[in-house]
Number of protein chains: 2
Amino acid sequence: MVKKKKVSILDIAKKLNISKSTVSFIVNGKARERRISEELTEKVLQVVKEMGYKPNHLAQSLATGKTNSIGLIVENISDSFFSNIASLIEEKAYNSGYEIIYSSTNDDVAKTKSLLRMFRERQVDGYIICPPIGVEEEIRALIEEGTPVVLFDRHLPNVAADYVGTDNQESTYAACDFLYGQGFRHIAFVTLVSAQSQMQERLAGYQGLIAAHGLESYLLEIPYQLRDTSAIERIGAFLEAHPGIDAVCFATNYLAVRGLQAMQRLGLKIPGDIAVVAFDDIELFQLYSPPITSVAQPMEEISNTLINILLQQLQAVRLGSKGKKVIIPSRLTIRESTRKVST
Amino acid sequence: MVKKKKVSILDIAKKLNISKSTVSFIVNGKARERRISEELTEKVLQVVKEMGYKPNHLAQSLATGKTNSIGLIVENISDSFFSNIASLIEEKAYNSGYEIIYSSTNDDVAKTKSLLRMFRERQVDGYIICPPIGVEEEIRALIEEGTPVVLFDRHLPNVAADYVGTDNQESTYAACDFLYGQGFRHIAFVTLVSAQSQMQERLAGYQGLIAAHGLESYLLEIPYQLRDTSAIERIGAFLEAHPGIDAVCFATNYLAVRGLQAMQRLGLKIPGDIAVVAFDDIELFQLYSPPITSVAQPMEEISNTLINILLQQLQAVRLGSKGKKVIIPSRLTIRESTRKVST
DNA sequence: ACCTTATGCTAAACCGGTTTTTCTTATGTC
DNA sequence: GACATAAGAAAAACCGGTTTAGCATAAGGT
């Protein structure tokens with residue numbers, strides 16, 4: 001139970017009566033480059049192995065200024081979309097020698113600021129951020145410092161950061177247009193009260209379709225705080241208040257889940273009484289009865305793009321990010337919930 | 001775009017023509033204790049604020065040996081169970097000033113060892129680990145070093161680590177017993193080929209019930225590698241091969257999902273043709289049609305217990321963990337899928 | 001024989017803090 | 001007036017590495 005003292009580079013040096021710089025060079029594979037003899041190199045590596053020397057990462061980071069860690073800031077790690085992204089990013093990062101430090105914002109500005117501060121103090125090498133509105137200053141500051149940053153899911157106006165996201169507006173339009181094509185004419189849109197870019201884009205997609213065909217708009221906006229608790233009642237009340245609605249497009253996966261529960265409670269049959277489309281394809285939608293048509297974001301591609309852009313920035317000779325926006329189109333996965341039932 | 005130089009403690013000291021130790025004491029609130037004059041204290045804090053000085057966390061960690069970070073090693077962060085635990089733990093940790101570095105093992109021993117090595121080099125202060133079999137040595141080594149460690153979900157034989165888990169055997173027995181009580185007599189158990197403690201315990205729970213009532217055993221064990229890909233076919237074939245089965249207990253949430261898909265394909269009605277119980281309560285089970293009875297692990301309690309035990313170890317004066325096992329009982333959530341249908 | 005260059009390694013500064021030790025000066029006590 | 005003590009702050013060692021500059025010695029060129 002006694003805390004064994006870890007072997008340091010100095011211990012190795014002393015053991016062989018050489019200087020620690022020599023050990024450092026050898027351990028870092030710079031023996032040849034520094035013209036250190038084969039013989040000594042061998043000996044040092046031998047002792048390193050014997051004594052089980054592992055470099056102290058903190059000391060290394062302090063000296064080099066690189067921590068080999070990436071800060072991943074998501075809205076909520078327990079959300080299927082984010083946990084999948086996290087899983088994919090982690091694997092990629094790990095393969096490139098980076099570790100992930102993650103945290104959930106819950107779209108809380110104060111918490112996010114505090115997280116950014118913590119990450120900054122920890123000197124993470126780069127950031128992958130799903131930003132709430134209100135942290136523009138902080139992110140701009142990071143970028144100006146030359147720190148690699150990529151935003152995803154939503155971007156921030158007036159922040160020239162690299163960004164990876166999906167074609168929210170187009171794919172929402174397409175989803176609603178598909179409903180239209182199936183013959184539905186009273187299409188509702190259930191979304192969050194949110195100024196976030198991705199939500200605004202999705203809303204614009206819906207409104208675009210409404211305008212294009214001169215349909216009546218049925219819009220329900222739910223406050224973020226109520227997305228779990230009372231969303232079911234809200235949606236239920238909304239559907240009861242507008243019995244004419246024959247199809248609903250949900251702007252997020254969790255809203256769709258609440259919506260399905262509301263429909264169950266009201267005894268509405270899908271798609272007979274009402275058709276359903278959801279944004280984000282979660283496992284539930286495939287298994288639900290009936291299976292739910294949804295807009296599937298290509299998570300693997302998004303994750304790959306994110307990590308690639310970040311790694312590129314990390315390697316780059318500080319050119320500063322140019323605010324490159326990469327849009328990865330979503331795919332509409334058509335299932336039973338949008339089948340037109342002959343009346 | 002020019003990398004602004006961060007202000008260091010030395011910058012502050014120089015500015016005021018004092019020593020950096022004085023600054024350090026003041027910044028760390030030890031001014032009084034170190035008998036530093038009110039006057040100087042004020043001045044220093046003023047300059048600290050003006051220059052926007054933030055201590056370098058790496059340097060602090062190097063000097064103190066504390067990194068204020070916790071390594072969280074789960075099987076797969078994209079699994080709902082683990083991502084929920086992660087989310088809850090992160091929040092708690094954050095409130096105690098700790099950050100989480102996480103990683104998924106995918107039950108790969110080599111990867112886990114490499115992760116443990118990385119975390120160790122990074123000097124994380126403590127570990128929360130869902131361990132695959134095969135890392136006993138490494139974990140024992142951590143504990144012997146005096147590093148705080150808590151295992152969860154499954155424990156390792158011969159590793160005297162603190163552990164938090166659920167009553168796998170009892171709750172599986174209870175789930176199957178509930179099926180028995182509903183009148184089902186041909187109860188199958190679908191599990192993984194796995195020597196992990198939690199899987200063995202669940203299996204034992206099933207076998208206990210079978211033995212208690214002298215029932216016929218229907219056991220299907222699926223290799224971990226096939227849990228996604230071909231599990232549907234496997235389960236389907238199994239059910240077809242044993243048409244007498246009137247109820248199935250699934251040992252994990254994802255096996256249950258595959259099982260439900262298999263049943264869909266075979267056109268089996270739940271619970272009319274076959275009853276279903278699953279381990280772990282995921283959102284899908286509540287919304288599935290019919291809703292699926294499941295064994296719900298109390299995630300919040302598990303997370304709280306985990307972080308509390310770890311924080312306790314972190315504060316403790318190195319007594320070494322005593323291999324305390326905390327078992328938190330699961331709750332059977334009864335839903336439609338296990339209703340006895342009169343024949 | 002002398003200068004140059006290559007070889008092989010060491011010394012020392014540095015990264016940015018924490019913490020123990022030491023020093024100076026003022027004050028109080030007998 | 002001598003001496004102990006306290007106040008206030010500086011100095012220095014340390015954490016464990018990286019990296020630049022430098023110093024011997026040997027080999028090669030003329």
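**A buried threonine and a DNA surface**

A:T293 is buried, with a relative accessible area of 0%; buried here means under 20% relative accessible area, with a 1.4 Å probe and protein chains only. This is a predicted model, where local features need pLDDT of at least 70, side-chain atom pairs count only at pLDDT 80 or more, and totals for chains, interfaces and linings use all residues. Side-chain values use heavy atoms, with hydrogens and water left out.

Let's stay with that threonine. A:T293 sits in strand β10 of chain A, residues 293–296 (strands are DSSP E runs of at least two residues, helices H or I runs of at least four, numbered from the N terminus). Its side chain makes a polar contact with the side chain of A:T338 at 2.7 Å; that term means a pair of N or O atoms within 3.5 Å, and within protein one must be able to donate a hydrogen and the other to accept it, while residues adjacent in sequence count only if both atoms are side-chain atoms. The A:T293 side chain also reaches the backbone nitrogen of A:R335, at 2.8 Å.

Now over to DNA strand C. There are 31 residues around DNA strand C, and A:T22, A:R35, A:S37, B:I9 and B:S24 come nearest; near means that a heavy atom lies within 4 Å. Helix α4(B) gives the largest share of that surface, five residues.

Looking at individual atoms, a backbone N or O of A:S37 lies 2.6 Å from a phosphate oxygen of DNA strand C, and one of B:N56 lies 3.3 Å from a phosphate oxygen. The B:R34 side chain goes for a base instead, with an N or O atom 3.1 Å from a base oxygen.

Conventions. Residues numbered from 1 in each chain as written. Chains lettered and ligands numbered in written order. Buried < 20%, exposed > 50% of the residue type's maximum accessible area, 1.4 Å probe, protein only.
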